[in-house]
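Subject: Structure handover

Hello,

Here is the structure you asked for. My notes on it follow below.

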Amino acid sequence: MPVLLAVRVEVSLSSDWTPLRWPCGPLDLEQSKDIQAVKEALTAWLDPKALSFLEGGPVNAILVSWAGGTATDAKQQAALQPVIAEAKKRNIAVLGRVTGEAPNAAKAAAAAGLSAIVTDTVVPSVGGLKVIPAVTPQQAAGIGSPLMALTKSTWPRIPTQWRARDGKRGDSGGATGGGPTGAPWVESSGWICSLATAKAPGKKFWLLSEPPEDVIGYRPATYQLAVADAAAYGAHWVVAFDADTRKALASGGAKDTWKAVADAKQFFAARKACLQRPEIARLGILSDFDGPNEFIAEEMLNLTPRRAVPYRIMDLPKFKPTSLSGLKAVVWIDEKEPSGSARSALTAFVADGGVLIAPASSAGLVSGKPASNFEGRFNVYNLGKGKVAIASEPWSDPWVLCADTHLLLSRKHDMVRTFNAGSCNVRFTGTPGKGYLHVLSFTARTFGYPASFYVAQPYKTARWSTLDSVQDQPIEIKPKGPGVEVHLPDFGPYALVEFGA
């Protein structure tokens with residue numbers, strides 16, 4: 001994929017678009033899997049009348065496939081004209097997805113009256129057309145646009161919950177449903193949103209993840225989870241339905257699914273303030289998150305939430321000594337050992353009582369004999385009041401690294417602990433005297449038993465909300481050690497607990 005570092009676009013992109021993916025037409029038919037239900041849905045949404053279900057809902061823009069760099073592009077653009085015309089009548093913006101090498105896509109989009117194109121190739125803006133770059137989190141740092149779409153995202157789920165169209169369980173029978181945690185394995189894009197924000201602070205991000213078409217049985221709560229998996233981390237999911245739901249919506253059905261998505265979107269729109277708070281964490285993950293460091297760094301971000309360990313992402317190019325404030329441990333991911341101001345700051349951090357965890361290639365940080373050995377995987381050196389743990393061998397298993405990091409940090413420094421919540425990821429954010437615990441349940445079902453959550457802050461009050469019936473209601477809070485604990489009744493895909501001093 002071409003690098004977008006040189007792209008500059010207008011800063012007047014609409015911050016009010018709430019888009020829905022609108023697949024239809026020859027190009028989508030050409031690129032789709034050979035599944036009858038998918039073909040029927042693509043044909044159904046080519047009918048302009050299908051747009052009627054959007055009336056009164058939160059969606060005010062549709063994202064259509066515009067160009068893929070093939071001979072079908074012209075047919076696709078011609079077939080979309082009635083849909084574009086109807087959308088304009090309804091005051092719905094039309095955005096075009098451009099993939100592949102399609103140099104004339106922007107010109108054709110401007111001529112057809114599209115409001116913007118979303119593209120992962122270098123396409124200059126023409127005729128006032130807005131360009132929304134589709135990028136990886138690493139690319140986001142070099143883009144001038146205030147709004148970007150993230151291509152590296154995944155559909156949120158527990159894989160073996162899913163039933164494929166061929167009747168098998170999980171991802172066509174090939175996925176793993178439980179990891180080394182013993183708890184269900186989950187797939188989430190939360191860490192991707194957090195990394196993009198760390199790379200490009202202050203920017204707005206869309207997730208382009210879509211439900212796999214070879215899976216059936218999507219429920220309304222499934223889509224609420226997709227909304228929450230982005231929104232809880234400050235991003236926005238471009239709504240995308242499976243083929244069966246698209247067919248039903250086109251004929252006036254699936255109203256419960258549409259209402260569930262609309263409710264979820266409106267829930268988060270009303271809570272923008274609490275979605276932009278920084279993580280409350282005692283663990284820092286420091287890396288450039290690129291090149292040879294990318295795999296281990298990203299897997300650390302992905303897997304650490306399965307241990308309910310909040311972390312602060314520190315992007316090395318933006319690193320400042322103040323980034324270490326409040327942390328108890330830092331993982332230095334990069335193969336090249338720290339140097340310059342980063343090395344000085346980390347040395348001071350350890351001398352003051354912190355723990356630095358580093359790869360075998362950073363052995364030059366220490367000298368002499370280690371004071372101890374951790375599980376045969378780390379040599380631990382004393383430095384001032386703190387410790388430096390140097391890996392004995394190059395890192396190869398990210399999950400083992402996450403587990404070792406948690407133990408080297410020490411459970412006494414847990415900011416969050418969960419009970420009866422093995423299918424959940426949590427995000428803990430806030431400011432002094434105010435905390436927000438975002439709980440995402442990847443079963444997307446009510447629990448059936450109480451789930452409890454401990455946070456290591458002495459809050460005095462707690463209120464909670466869910467995407468369905470519970471809205472900002474007080475909940476009992478119990479002191480426990482240096483923090484507090486709450487017990488949540490049944491909830492679906494998402495719950496928000498707001499703590500106060």
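This is a predicted model: local features need pLDDT of at least 70, side-chain atom pairs count only at pLDDT 80 or more; totals for chains, interfaces and linings use all residues.

Residues are numbered from 1 along each chain as its sequence is written, and side-chain values use heavy atoms, with hydrogens and water left out.

Of its 26 lining residues, Arg-21, Asp-28, Gln-31, Ser-65 and Glu-210 are the closest to its centre. α1 (25–31), α2 (36–44) and β2 (61–67) each supply at least two lining residues. Helices (H or I, at least four residues) and strands (E, at least two) are DSSP runs, numbered from the N terminus.

On a 1 Å grid over the protein atoms alone, a pocket is an open set of points with protein on both sides within 12 Å along at least five of seven lines; a cavity is a set where a 1.4 Å probe fits but cannot get out. Lining residues have an atom within 4 Å of a point. Grid points are joined across faces, edges and corners, and a volume is the space filled by probe spheres set on the points.

**Cavities**
The whole structure has 2 cavities of 30 Å³ or more. The second largest cavity holds about 40 Å³. Its lining includes Arg-282, His-406 and Met-415. That lining divides into 5 nonpolar, 2 polar and 2 charged residues.

**Helices**
α2 also meets α9 (residues 243–250): their axes come within 8 Å and cross at roughly 35°. Axes are lines fitted to C-alpha atoms, for helices over the stretch in contact, and angles run from 0 to 180 degrees between N-to-C directions. The contact (heavy atoms within 4.5 Å) includes Ala-37 and Leu-42 of α2 and Ala-243 and Arg-246 of α9. Its residues are 7 nonpolar, no polar and 4 charged.

Helix α7 (residues 190–199) has 9 of its 10 residues buried, so it is largely enclosed by the rest of the structure. Buried means under 20% relative accessible area, exposed over 50%, partly exposed in between (1.4 Å probe, protein chains only). Trp-191 and Lys-199 are among the buried residues of α7.

Regards

Definitions and conventions
Ala, Val, Leu, Ile, Met, Phe, Trp, Tyr, Cys and Pro count as nonpolar, Asp, Glu, Lys and Arg as charged, and the others, Gly among them, as polar.
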